[in-house]
Amino acid sequence: LASDSLVSRSLESAQQCLFNQDYGTAFVHYLLVLNLAPVLKDFASESFRFTLFKWADELDSLGRIQDLFDCYEQALELFPSDEVIINSMGEHLFRMGFRDEAAGHFHKALKLKPDYPEAKENFYRVANWLVERWHFLMLNDRRRNHKYQQAIQKAVEGGCNTVLDIGTGTGILGMCAKKAGAAEVYACELSKTMYELACEVVTANGMNGRIKILHMKSLEMEVPKDIPKRVSLVVTETVDAGLFGEGIIESLIHAWNHLLLPPQDPSRPPSQAGRVIPAGATVFGMAVQCLEIRRHHRLCVSEVGGLTTAAAGELHSPVSCSSEDDSTEPYTTERLSRLPGGYTPLTEPFNALDIDFNNVQELEGLCSREVSRVRLPVTGEGLLDALAVWFQLHLDQQSSLSTGPKEDTCWEQAIYPIQTPHNFPLRPGDELIVEISCRDAYLRLCSVAVARDGREFQLCSALACLGTEQSSGPRDYTMLECAEMALLNNQPYHDSFRRALAKLITNLKDARSIQGPSKGQGLEVMPLTDPPSGPMDPGPDPFYVLDVSEGFSVLSLMAASQGQVKAYSSVEKTQHQAVLRRLAMANGVPEEALEFWLNQVEDEQAVLQRPSREKLWSAIILDCVETCGLVRQKLMEKATLARCLLEDGGQIFPERIVLYGMLVESDTLLLESAVQGQEPTLGFNIAPFINQFTVPVHVFLDLSTLQCRHLSDSVELFILDLMNTNANYTNRDVMVNASGRVTAVPFWYQIHLNEEISVSTFNQDSHWKQAAVVLHQPLAVREGDWVRLAVTLQKSSISISATVYIYK
Ligand code: 44T
C-alpha cells in the first residue's frame, strides 16, 4: 500500500532526523506517521515525546511561542491523556507567566497519574493560584458559615424567592438559598477551577439542575440571556481584607441596574423587591507603629554591609496610596495579631466609612464622593508605620461579621503602609489628620499631617495622595518588592556576607602571593599612597565575583567594594541597576568594578558561564532560599554547574545549607490546609472536593507567631552540601517532649557561607518566611516517644514524612 510505504519512509526519516538532532523535521515526520498509522502510537510514543520536548526547548529559546504551543496542541491531539506531555506543556505555560493555565495542566496530569512525581511537585507549587488558601479558612469558619446561612434563610422565608450568588466559590451560599426553599437559584463564578468545583459540589449534593451555575463575571451577566428575569436577592461574599478589592461596588452597581428587582419600598411586596446580603458595611481604621511593616516598606538603614545607603535615592515598596503608578496597590494584608514583634496602636479605632449595599445611588456616588478629612487624637507613642483597616459586614439588620484584629476569625486586615522616608514620632496629644477617599473603587487612606501645639506638620502632600495632574512630576523614586526592601534592611545578613567575602579574597591573595610572580605580583608591594594604576598598567588580575541573586541585591557591590574585585551583578531592572550605580559612586567603587551580567549575555541559560576568555570565578553567590521558605528550584543543579566554573580556591556562597525543623501541634495550620472534620459543612458535602487542592507544604509562615504547641526541640534534618553531590535521603529520629498530636513540621535553614559564618532564615531581621509540612494525618504522640522523619531531596525540593515509634 502506498500509505504503508509513506509511513515507513516517514518513520525512517523521523529517526534519521532525530539522530541528526534536527528535531523540528523529526517532529513533523512523527506527526505524519502517527496520524496515518495510529497503531504505531505505543511503539513510537517515547521517541515522539523526546522529539517534542527537544523541539519545544528550541522553539522556546527562539521565542517562537505560538509555534511551541501549536506543537503541543498537535501532540495532545495524538496523545490526549499523556500526563508527561500535559505536565511539560504546563511547565512552558508557567515559565511564560500563565500560572492559572499551567496549574490546570499540572492538575490534569496528576488526575491522570496520581503519583507522577514531577506533576505532583509542579502542582504543589501552583495549587495556591488555582484555589486560594483562604477558601479553606472560610469554609472552616463555622460562625461565618452559620451567620450567612441564617441571613439567607430569613430572607428566603421572608419572600425572596429568586436568588443570585455572585462569586459562588464552592457553591455554598447558593446551596443555602436552595435549601432554604428558594424557587430559583443562580450562581456565577469567574475562576474556571472554582466554577468546575462548584459544579461538582452541587451535583454531589443532589442539586444538579436546581442551581444554575454560570462561568462568568457577574458584570457580564444579562437578563434574559443568562438568567430569565431579575432576582429578588443577591448574596455575595466577594470582599477581600480591604472590603472593595474584589470589586463588590462595581458588581453591586451592575446588579442593581441589570440583575436585581428594584429596591424595597412600601408599595411593593417583598417578593417583588430586590435586596442584597450583606446589606452594608462599616469600615474601621487605626494608626499603628509596627517594625515588621516598616522594614518591608521603607529603607530603615543608613549603612548596610559596609556601604552607605544615602545615595540610593527614595525607595518605595509597591504598596502605596500616593502613587499614580499601575504597578502599586493601595494596601497589603496581614493578620495584625500574628505580626512578628507585634504592633502598637497609636490611635483608637475610627469609623472610616459606612456603606449601604442596598442603596444604588450611594454606591454610585462613592467614587465621586468628596475626600473626607478626619482628625484623630493620638493615644499612643511611636512612629507612624501604617494605617490598619478592617470592617464589619452587616449581613442584615440583626447579624454582622467582623474582620477586626481582636476578633477570632479567618480574616486578615488591610495595611496601608506609610511610605514617607522621614520618621515622625507621634505622641499623645497630637492629632493625626487622615484623608479618606475612594478611587477606582478602592478605598484610599492617607495620613497627610500631624497637628501638634497648634501647628501642622505635613506627612505627605495632599496633592500627591490624590494623584492629581499637578503632582505627577517625574518619577523620582525606585520601587523595590517588600521582600527586597526587607533584605536591604537586613544588616546582619549583609555583614555576614561581607566578612565571608573579605575572608575569601584575603585567602586568594595569600594563595597568589605564595604561587609567586604571576600577573598579580605587584599587589602586595604597591604603595598605598600611589595613585591608582594608569591606563598603561592594568594592575593585578582582579578576582571575579558573580552574584546570581534573584531581584535586587547589593552583594555584588559589596564584593566590588573590597577592591581588586570585578563583580558581576544579575540585577535586571534598569532602575535597580541605576540604584547600584549611584551606590557604587557614593561608596567609592570604580565604575568598571561592577558590571551587569544580564546586559552582556543574550541567552539567559549562559548566565553561569565564565567572565571572559579563560577566566574562572573566584566566588559565585547563589540565591538558595526563596522568600516563601522553600529551597529555590534547581538550586543543586546550579551549584553543580557553579562548582565547575570556580578557580582553584574559589568558593560558592553559601557552601552548605542545613535544614532544621520541629514537631508541632497547630490547628491553625490544619485550618489553612483543608476543610477539617468529618461533619458536612452547613450540612453540605464540600470537603472531599475542595480538599483535592490540599498541598502538603505551607509557605510564607511566620513561625515566631504561629499558634502552635512545640512537641519537640528543633533538630537538624538535612544537609545540602553545595560543594558536593548530595545524598538525597535521610531518616531523622526526633524525640517527643510533650504529648499531643503532631500536625505539622515547620522548617527553616541555616545558610553557611563558610565554616564560621552563617545566617538563619528564621530570624527577626530576615526577609525570609518559614515553611511547614502539614501531615496528611495528625500523629498522636506521648512524651518520650520518637518520631522518625524521612527527609528526601528530589530535584532541589524537600519533602518530609513522619511515622511514630513508641519506645516507652
Ligand atoms: N479572601 C480574603 C477573599 N468572584 C474572600 O473568583 C479571609 C484572604 C482572605 N465571580 C486570608 C483570609 C481571607 N463575578 O472565587 C472567588 C472569585 C469570585 C466573582 C463572579 C464577580 N464579579 C466576582 C468577584 C469575585 O468570588 C469568589 C470569592 S471572592 C473573595 C473571597 C477569608 N486571605
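Q: In what order do the four strands of the open sheet run?
A: First, some ground rules: this is a predicted model, where local features need pLDDT of at least 70, side-chain atom pairs count only at pLDDT 80 or more, and totals for chains, interfaces and linings use all residues. Residues are numbered from 1 along each chain as its sequence is written, and side-chain values use heavy atoms, with hydrogens and water left out. Strands here are DSSP runs (E, at least two residues; helices are H or I, at least four), numbered from the N terminus, and two strands pair if DSSP finds at least two bridges between them. The pairing in this sheet is antiparallel, and the order is β13-β19-β20-β21.

Q: Which strands stand at the edges of that sheet?
A: Look for strands with a single partner, because one side of each is then left without a neighbour in the sheet. That picks out β13 (372-377) and β21 (455-458).

Q: What does the twist average from one strand to the next?
A: Angles like this run from 0 to 180 degrees between N-to-C directions, using axes that are lines fitted to C-alpha atoms (for helices, over the stretch in contact). For this sheet, the average is 35°.

Q: Which residue is the bridge partner of arginine 452 in β21?
A: Strand β20 covers residues 442-452 and pairs with β21 in the antiparallel sense, over four bridges. In β21, arginine 452 is partnered by arginine 455.

Q: How many of the six residues of β28 are buried?
A: Buried means under 20% relative accessible area, exposed means over 50%, and partly exposed is in between (1.4 Å probe, protein chains only). Strand β28 spans residues 656-661 and is mostly covered, the buried count being five.

Q: Which residue in β34 stands opposite tyrosine 660?
A: Six antiparallel bridges join β28 to β32 (residues 715-721), with leucine 659 opposite phenylalanine 718. β28 also pairs with β34 (residues 740-752), again antiparallel and over six bridges. There, tyrosine 660 faces tryptophan 748.

Q: How far apart are the end C-alpha atoms of residues 707-800?
A: UniProt, in an unreviewed entry, places "domain: Protein arginine N-methyltransferase" at residues 346-439 and 707-800; its positions follow the numbering used here, feature names are shortened, and annotations may be inferred rather than shown by experiment. Residues 346-439 are 6% helix and 46% strand, with ends 26 Å apart. Residues 707-800 are 0% helix and 61% strand, and their end C-alpha atoms are separated by 21 Å.

Q: Which residue forms a salt bridge with glutamate 196?
A: A salt bridge is a side-chain nitrogen of Lys or Arg within 4 Å of a carboxyl oxygen of Asp or Glu, and the whole structure has 31 of them. The N to O distance is 3.4 Å, and the partner is lysine 192.

Q: Why does the pair of glutamate 665 and arginine 709 tie together parts apart in sequence, and how many residues apart are they?
A: The closest N and O atoms of this salt bridge are 3.2 Å apart. Glutamate 665 is buried at 15%, whereas arginine 709 is partly exposed at 40%. Glutamate 665 lies in β29 (residues 664-665) and arginine 709 in β31 (residues 709-710), so the sequence separation is 44 residues.
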